[in-house]
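This report describes how a single protein chain is built, from its overall make-up to selected details. The reader is asked to keep the sequence and the model in view.

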Amino acid sequence: MLLAAVMGCAEVAAAVAAATVTQQYALRSAIHVHSTMSTGSLSLESLARRAEEQQLDVLILSENLALRYDYGIEPLDGFLKFHVTFPSVMEYGIQRFLDEIRVVQQRHSNLIIIPGVEVAPHYYWTGSLLHGNLTMHNAQRNLLVIGLEKAEDYEYLPSRGNWGSFVWGRRSVVNGLPLLLLGPAVWLWKFKGTRSSDRRWPTSRLRLGIAGSLLVACVVLTANAWPLKVPRYSSYDSTTGYRPYQALIDQAIARGALVFWSMMEARDFSRHSFGLLGTVTVKTEPHPEAVALTRGYTGFGGVYQDARRVIEPGGVWDQMLMSTVQGQEQVPTLIGEVAFHGLTDPGKDLDRVYTIIQTSERTTAAILAALKAGRAYAVARGDQNILLRLDEFCLSNNGQSARIGDTLYGSTRDPINVRVGVSAIDGKSYATKLRLIRSGRVIRQIEGHTPLSVDLTDHDAPPEKRLNYRVEVVGKGGELLTNPIHVSRTDGSITNARRIVF
């Protein structure tokens, strides 16, 4: 059995050697990075210098697209409202954001900087200040939109704080009510000049004061209501479900972006006092179900510095992989998220979580294509500040072979050979557990010290023609999680195999 597996992947090695004319890159990438253009504390220039010092190859930004939160008094919440804003691309300027990336990119030719934004399409309120239970939900239910390079691609992305995505509606009429104050204000002002001798009316000073007050109220309330357009989904509607998120996914994908669900299981909870007005709670519950309740997105963050269950064997991701493969749809791929805002956050740095992107070209287009296809794996530093490295992971069957993100087109008559090798970047020995997962089921688990390897001939593969294999490694040396290698088996005729759509 072992000999068969070794021979199978030896064929792969030979094939790779024969194809040395096409150089392969394993690009170390930091994904989900903020600069001072939004909520980060380092400028993009400082981030680029630090990335090069840490030998990163790719920096994928995730600047906040829009961070404006409104709370109003219904039904006049359009203009009788309080709002807070935080730095975002919308405030910084979309074109300025793209221009700065291009300028910094020109100074750092060894680093590839890819534009991206973090978008929260919707949030909603429950409770009230009067009852002391006012709560804002889902302000941190985010998606990463990566790879858009034109300003117009961002202007209309559906987001609660992006005015370009707002629409005209019945509530726009309510928002415009303060404009009605303009009429009496002008009338009183004009009346002062034409009927100043009429003693039935207040004195000219009083009329001037009333007119001025009405004018100020008109301007202030209209400005507070601006723009008169409204979001497609109200912030006081808790029944929208995932419709706002699906709208963003659809539009961003149509524009050519990659879209990833971000840190779905990270819990966000805080309380903020507003003095006599009371306390406001802000919370976002974990939402791993998002990967199943939305469609057409590229993937999700599966490795980051927080608890995660969606990636567990047989969990939500595996169920999605099996169902989408059968449905011939986009396979949700995995990335690592460093979620970097600056060096003041304990335990945070650009190189704490990597995504290793495997590509044949060192270009933005090739990197995005590799991420979309899942030709990547994610690693996170462990307790001993060590990074793991995937030395190899390949499948072979009936003379065919495949690597991460690819599909092995083989035969149902022959077993599938699997070969995995993992080591620590510093070459030292660290206690590690490796699990080989086939279509949601752990089929091999070994515990030992790095370097670890598995050579397996999978005679027990179920008769299903479509399978997937992936690798999970955890230990004090860190964490490593791969995207799957897909298997599409036929009776041996490769030409009859249908390709999975990526």
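**The chain as a whole**

The structure is a predicted model. Its secondary structure comes to 12 helices and 27 strands. Of the 502 residues in the chain, 51% are buried. The chain exposes about 23000 Å², and carbon and sulfur atoms supply 54% of this area. Among contacts with a separation of 6 or more, 71% are between residues 24 or more positions apart.

**Aromatic rings**

A pair of aromatic rings is described by the distance of the centres and the angle of the planes. The structure holds 10 such pairs, and two of them are set out in the table.

| Ring pair | Distance of centres | Angle of planes | Description |
|---|---|---|---|
| Y71 and Y236 | 6.2 Å | 55° | tilted |
| Y123 and W125 | 6.3 Å | 85° | edge-to-face |

The description follows from the angle: planes over 60 degrees apart count as edge-to-face, and those under 30 degrees as stacked, so an angle between these limits is called tilted. Which parts of the chain does the pair of Y71 and Y236 tie together? Y71 lies in strand β4 (residues 68-72), whereas Y236 lies in the loop between α8 (204-225) and α9 (243-254), so the pair ties together parts that are 165 residues apart in sequence.

The cover of these residues can also be stated. Y71 counts as partly exposed because its relative accessibility is 22%. Y123, at 2% relative accessibility, is buried, and W125 is buried with a relative accessible area of 12%. Ring pairs link Y71, Y123, W125 and Y236, together with Y69 and F86, into a cluster.

Charged side chains also lie over rings. R96 is placed over the face of Y92, at 3.9 Å from the ring centre. R308 is placed over the face of Y304, at 5.4 Å from the ring centre.

**Strand β18 and its partners**

Is strand β18 largely enclosed or largely open? Seven of the 10 residues of β18 (residues 388-397) are buried, so the strand is largely enclosed by the rest of the structure. Strand β18 runs antiparallel to strand β21 (residues 416-424), and eight bridges join the two. Within this pairing, S396 stands opposite N417 of β21.

Strand β18 also pairs with strand β19 (residues 400-402), in the antiparallel sense, over three bridges. Here N397 has Q400 in β19 as its bridge partner. The hairpin of β18 and β19 has two residues between the strands, and N398 takes a positive phi near 55° in this hairpin.

Note on methods. Residues are numbered from 1 along each chain as its sequence is written. This is a predicted model: local features need pLDDT of at least 70, side-chain atom pairs count only at pLDDT 80 or more; totals for chains, interfaces and linings use all residues. Side-chain values use heavy atoms; hydrogens and water are left out. Rings of Phe, Tyr and Trp (its six-membered ring) pair if their centres lie within 6.5 Å; planes under 30 degrees apart count as stacked, over 60 as edge-to-face and the rest as tilted. Helices (H or I, at least four residues) and strands (E, at least two) are DSSP runs, numbered from the N terminus. Buried means under 20% relative accessible area, exposed over 50%, partly exposed in between (1.4 Å probe, protein chains only). A charge sits over a ring if NZ of Lys or CZ of Arg is within 6 Å of the ring centre and within 35 degrees of the ring normal. Contact means heavy atoms within 4.5 Å. Accessible areas come from the Shrake-Rupley method with a 1.4 Å probe; for residues, only the protein chains shown count as cover. Two strands pair if DSSP finds at least two bridges between them.
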